[in-house]
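Dear colleague,

Please find below the structure that I am handing over to you. My notes on what was found in it follow.

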Amino acid sequence: MDIIKNVLDAEIARLNHSERRDGKPRINGEFFIHHPWLCLAMFAGYIAVGIVMYASPYMGLGWFAGFTAFLLFMAAMLLLEINPVYRYEDIDVLDLRVCYNGEWYFSREISAEAVAQLLASDSVDNQVKSHIQAIIANKGTVDFYDVYDLARQYQPHAQKSQNLQIA
């Protein structure tokens, strides 16, 4: 079932590339574009708090500078966006990555070209091909987990016993 893994790996690489999923942090400025009045109101609130802090006798310029630094740090952290990288090894793994990535393999569909490649391959078991065609007939699309589960379900007996010995 290496052909199935190769096709899914190629699909995942295509998704990662097309959606710029590289795991690097970026600043997302969409909040400023979509909510300009809210940003203006927050800035007015910042000015009001700054005036109160500066005018009070027990706070001064030092506290105002600390407040400003904290506000800028929190704004930068909240505007950070990270597009996590999808990986074949994450399919059907329930750990902390699910909190971060979500269970993307249930909701992401593989392309029609990948389905055609799987159905045309001689290396793919006929039972897997018939189940893929049944899924397409019932659901209309095939997601990553459908193919992954079928490949795992219909892998040859020798590979299953080898996987059991490794685990």
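**The surface patch**

L80 lies in strand β2 (residues 80-82); helices (H or I, at least four residues) and strands (E, at least two) are DSSP runs, numbered from the N terminus. Please note that this is a predicted model, in which local features need pLDDT of at least 70 and side-chain atom pairs count only at pLDDT 80 or more, while totals for chains, interfaces and linings use all residues. Residues are numbered from 1 along each chain as its sequence is written, and side-chain values use heavy atoms, with hydrogens and water left out.

With a relative accessible area of 34%, L80 is partly exposed (buried means under 20%, exposed over 50%, partly exposed in between; 1.4 Å probe, protein chains only). Together with I27, F70, F73, M74 and M77, L80 makes a nonpolar surface patch of about 590 Å². Helix α4 (residues 61-79) gives the most to the patch, with four residues.

Helix α9 (residues 144-153) is largely enclosed by the rest of the structure, because seven of its ten residues are buried. These are F144, Y145, D146, V147, Y148, L150 and A151. They pack against α1 (2-18), α6 (104-107), α7 (112-120) and α8 (126-139).

The largest nonpolar core has 26 residues, of which I4, L8, I91, I110, L118 and F144 touch the most other members. A nonpolar core is a set of buried Ala, Val, Leu, Ile, Met, Phe, Trp, Tyr and Cys residues joined through side-chain atoms within 4.5 Å. The elements giving two or more residues to this core are α1, α6, α7, α8 and α9, and α9 gives the most, with six. Leaving aside residues up to four places away in sequence, L118 is in contact (heavy atoms within 4.5 Å) with I4, V7, I110, V124, K129, I132 and V147.

**Two loop residues**

R108 is in the loop between α6 and α7. Residues up to four places away in sequence aside, R108 touches L15, E19, R21, Y86, D143 and F144.

R20 is in the loop between α1 and β1 (25-27). R20 is exposed, with a relative accessible area of 51%, and has a positive phi of about 50° although it is not a glycine. Most residues other than glycine have a negative phi.

Yours sincerely

Note on methods:
Patches are made of residues with over 30% relative accessible area and no salt bridge: like charges are joined within 9 Å, nonpolar side chains (Val, Leu, Ile, Met, Phe, Trp, Tyr) within 5 Å. Accessible areas come from the Shrake-Rupley method with a 1.4 Å probe; for residues, only the protein chains shown count as cover. A salt bridge is a side-chain nitrogen of Lys or Arg within 4 Å of a carboxyl oxygen of Asp or Glu.
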